[in-house]
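Please open the structure in your viewer and keep the selection tool at hand. The stops below are meant to be taken in order.

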Amino acid sequence: MRFWCSNDGSNWTWAWKPYIGAWVIAAVVALWLWRAGGWRADVPVRRKVALAIGLVLLLGGTDWPLSALGAGYLVSAQMVRQVLIVMIACPLMLYGSPPALGEWLDATPMRRRIVRIITTPLVSLPIAVALLFAVSAPVLVDPLIKTQLGSFALDIAWISAGFLIWLPVQPPTPMVPRLRGPIAIIYLIGVSVAPLPVAFFMTWAPTPIYAVYELAPRVFPTFDAQSDQELAAAIFQVAGGLVIWVQIAVRFVRMAGGGGAAGGPRFRGTMVPSNVSA
Amino acid sequence: MRDSRMGNRRAFLRTAGVAALGAVGAVSLAACGDESDSAATNEDDNLGFAGTVLGYPLARPSAAFVDTSGAPFNVATETAGKLTLMLFGYTSCPDVCPVHLNVLAGTLEDLHGREARTKVIFVGVDTKRDTPEAMRTYLDQRSPDFIGLTAAPDVIDEALKQLMLPSVIIGEPRADGSYVVEHPSQILAFTPDDLCHIVYPFGVRENEWRTDLPRLLDYDWPDTTR
């Protein structure tokens, strides 16, 4: 049994191989969320469900088979993991996180200052995109993914990028988003566009860009590395884009119905506890 | 358990490859008696190629192979003067062979000019399972232009011996009827002068092949045939 998924060069097998690290992290986070009141009776059901789904997706993205396929065999599986973790699990967990987290973040001037800085769009988006670019660069991916620690570092970078991307528009309760209404929509459009160079490069590169996937034992004999890379780019653009554009559409509909910026607390440009404007 | 076996097998293939190159080097040393003419196995001596340049080139094999239509195929005469990449493997191979073939298929797919006419020969060494029909189906999944050859085990071993490569080892059948096949994993590149000056180990990528193939066609190899 191994701590984390990595490219160990072995042939693919459908025999179940759980990764201890993924289960330990999921268990610790679940325990902390439970103790922090994430599943208390007064927490709305939709938040509890979001939190549970977010946790399950985080575990699904970091445990066998998806993580093993992604780390060692198919870049398309790796891209599914990225979309699951960055685009779905992170915002769901932020949405469902217990009030204790938001209260903790808001408890001291230092924490408030840090939150204010990292939720500034011109800070959060470039850092998140830079992280995603870095963990997509062959020069980093090829050596890192061969070790459990390196692969773990790549996954942590994804999770960090996911939280950075979503914090400005989906902070933990009781905090209100720094960006709301049309500004949040513009920000999300930026999120959908900014990482596209990676997908563009994967789509149009004449040869496979990652050595680990090009030379990995085949999971499906005739599914070659180039096709795998093109599928990965499609997943990144279509699935990742779909998640963001659904968010944009929902926000637009709410805003059009008066439930956006006008319906909630007044936009202040910084995060404030929701009870300030309640 | 299976992974361990596969890992061991790959390790064997790598070791066998290195041993073969070592053997070529030893022959070269013995034949020439001059250290400067020894098999070039370090990176500086590989002339910028992604493969390993041999100090002593090898001739195209003349063994009596059979192609996937069942017709006799003499590599030496049928591919004379053409850039030819030759590898030994088997259609049930789970790792090295499909990766090699996929990389070569991907490389040749988008090439134009003379290098696009590179011949790829896959010799099926698992004579029980690598029937001409099975070989054709297997190769067509990558490229219909790939040439599939097979022969009786002693003929294959003779060809391997001529190419200074280790013999094929067929493992004992397991309970489920499967068995391990150990075979050389290098790709031998025969250039238009009908000699193999360079072998490519497992791990060479498409972009490296794209760089090397045009060079292999035109490279002016020093005359080391003595």
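This is a predicted model: local features need pLDDT of at least 70, side-chain atom pairs count only at pLDDT 80 or more; totals for chains, interfaces and linings use all residues.

Begin by selecting the contact of chain A and chain B, which takes 20 residues from chain A and 19 residues from chain B. The two chains bury about 1500 Å² between them, with 49% of it on carbon and sulfur atoms. On the side of chain A, select A:Asn11, A:Glu214 and A:Leu215, which lose the most area to chain B and together account for 39% of what that side buries.

By class, the side of chain A that touches chain B has nine nonpolar, six polar and five charged residues. Both B:Arg205 and A:Glu214 are buried.

Next, move to B:Arg60 and B:Asp194, whose side chains meet in a salt bridge at 2.9 Å, N to O. B:Arg60 lies in the loop between strand 1 and strand 2 of chain B, and B:Asp194 in the loop between strand 9 and strand 10, so the pair ties together parts that are 134 residues apart in sequence. B:Arg60 counts as buried at 5% relative accessibility, whereas B:Asp194, at 27%, counts as partly exposed.

Finally, display B:Asp110, B:Glu206 and B:Arg210, which are linked in a network of salt bridges.

How values were computed. Residues are numbered from 1 along each chain as its sequence is written. Chains are lettered from A and ligands numbered from 1 in the order in which they are written. Side-chain values use heavy atoms; hydrogens and water are left out. Contact means heavy atoms within 4.5 Å. Buried area is the accessible area (1.4 Å probe) that two parts lose on being put together, summed over both. Ala, Val, Leu, Ile, Met, Phe, Trp, Tyr, Cys and Pro count as nonpolar, Asp, Glu, Lys and Arg as charged, and the others, Gly among them, as polar. Buried means under 20% relative accessible area, exposed over 50%, partly exposed in between (1.4 Å probe, protein chains only). A salt bridge is a side-chain nitrogen of Lys or Arg within 4 Å of a carboxyl oxygen of Asp or Glu. Helices (H or I, at least four residues) and strands (E, at least two) are DSSP runs, numbered from the N terminus.
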